[in-house]
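Reader: I am new to this structure. Please show me how to read its features, one at a time.

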Amino acid sequence: MSSIADNLANVLTSIEQASCDSQRTANSVQLLAVSKTKPVDDINAAYLAGQRQFGENYVQELASKAKALSEFDIIWHFIGPIQSNKTRLIAEYADWVHSIDREKTAKRLNEQRAVNITPLQVCLQVNISGEPSKSGVTVEQLDSLAAFVDACPHLVLRGIMCIPEKGNSEPSFVKMQSLFKQLQQKYPTIDTLSMGMSGDMATAIACGSTMVRVGTAIFGRRD
Ligand SMILES: *Cc1c(COP(=O)(O)O)cnc(C)c1O
């Protein structure tokens, strides 16, 4: 079995290669290590190997890991579905949220974010494939949600995120890239296109991703 440090090095090499293949500089793509369901020891191993940004999907798990590792200079990203009665812990423990898809959760996070800390950095989740079962704002409603978040003083609108249809990522990534460029014209704080996972990160990078969210390729399978 390969170690987390080896896996991390391999993922970083793949990112570099994919960036180079698309004439992009390697540092234009950040790596978010998705540690959901994995123990604190695994995060520790990745941290010791130099990784600083970690992604979690479950609110309680985010809170307990962030507490356990509070001495570490980790940047925590919440990337899971948000129930509006769970926003308080996200506002308290996350540095970033990638999965805002409605005004109600944005409003709550804005109200609950402490005023004496950095504002919450926000990506809006877009249901780019239009699958009815998927979370995410529709493409039609994206502009109005962006305007809403941009007006929230304790949130900073940083970009958009998607989880594409299984086995068919590329068309979604291409659409996301064009939405991203349009939004960037309007909002100078937007610099993050959050897309690409273990199975499709090279495709995402070719389509302009600035942050890939990688779990399995670093930490192994989740059971
Ligand atoms: C689990 C998850 C990932 C990581 O997926 P892998 O295939 O394990 O790399 C990325 N983004 C989101 C939103 C996830 O839930």
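Author: Start with a loop. Gln23 lies in the loop between helix H1 (4-21) and S1. Helices (H or I, at least four residues) and strands (E, at least two) are DSSP runs, numbered from the N terminus. This is a predicted model, in which local features need pLDDT of at least 70, side-chain atom pairs count only at pLDDT 80 or more, and totals for chains, interfaces and linings use all residues. Residues are numbered from 1 along each chain as its sequence is written, and side-chain values use heavy atoms, with hydrogens and water left out.

Reader: Is Gln23 buried or exposed?

Author: Buried means under 20% relative accessible area, exposed over 50%, and partly exposed in between (1.4 Å probe, protein chains only). Gln23 counts as exposed because its relative accessibility is 72%.

Reader: What should I look for in its backbone?

Author: Look at phi. Most residues other than glycine have a negative phi. Gln23 is not a glycine, yet its phi is positive, about 55 degrees. Thr37 also has a positive phi, near 65 degrees, and is a residue other than glycine.

Reader: Where is Thr37?

Author: Thr37 sits in the loop between S1 and H2. Its relative accessibility is 44%, so Thr37 counts as partly exposed.

Reader: Which loop holds Ser35?

Author: Ser35 is in the loop between strand S1 (30-34) and helix H2 (40-48). Ser35 has a relative accessible area of 0%, so it is buried.

Reader: Where does Glu56 sit, and is it buried or exposed?

Author: Glu56 belongs to strand S2. Its relative accessibility is 0%, so Glu56 counts as buried. Beyond its neighbours within four places in sequence, the contacts of Glu56 include Ser35, Lys36, Thr37, Trp76, His77 and Phe78.

Reader: Which side chains make polar contacts with that of Glu56?

Author: First, the rule. A polar contact is a pair of N or O atoms within 3.5 Å; within protein, one must be able to donate a hydrogen and the other to accept it, and residues adjacent in sequence count only if both atoms are side-chain atoms. The side chains of Glu56 and Ser35 are joined by a polar contact of 2.7 Å. The side chain of Lys65 makes a polar contact with that of Glu56 at 2.9 Å.

Reader: How do I read a helix?

Author: An α-helix has 3.6 residues a turn, so residues three or four places apart point the same way. Now take helix H3 (residues 59-68). Its buried residues include Val59, Glu61, Leu62, Ala63, Lys65 and Ala66. The cover over the buried residues of H3 includes H2, strand S2 (53-56), strand S3 (75-78) and helix H4 (87-93).

Reader: Which helix holds Arg88?

Author: Arg88 is in helix H4. Arg88 counts as exposed because its relative accessibility is 55%. Now compare sequence with space. Arg88 and Val59 are 29 residues apart along the chain, and their C-alpha atoms are separated by 9.3 Å.

Reader: Please give me a buried residue in another helix.

Author: Take Leu109, in helix H5 (residues 103-112). Leu109 is buried because its relative accessible area is 0%. Not counting residues up to four places away in sequence, Leu109 touches Thr87, Ile90, Ala91, Val97, Ile100, Leu120 and Leu155.

Reader: Now the ligand. Which residues come nearest?

Author: A residue is near a molecule if one of its heavy atoms lies within 4 Å of it. There are 13 residues around the ligand, and Lys36, Asn57, Ser198, Gly215 and Thr216 come nearest.

Reader: How far are polar side-chain atoms from the ligand's oxygen atoms?

Author: A polar side-chain atom of Asn57 is 2.8 Å from an oxygen atom of the ligand. For Ser198, an N or O atom of the side chain is 2.5 Å from a ligand oxygen atom. For Arg222, the distance from a side-chain N or O atom to an oxygen atom of the ligand is 2.8 Å.

Reader: How much of the ligand does the protein bury?

Author: Accessible areas come from the Shrake-Rupley method with a 1.4 Å probe. Taken alone, the ligand exposes 390 Å², and the protein buries 88% of that.

Terms used
Contact = heavy atoms within 4.5 Å.
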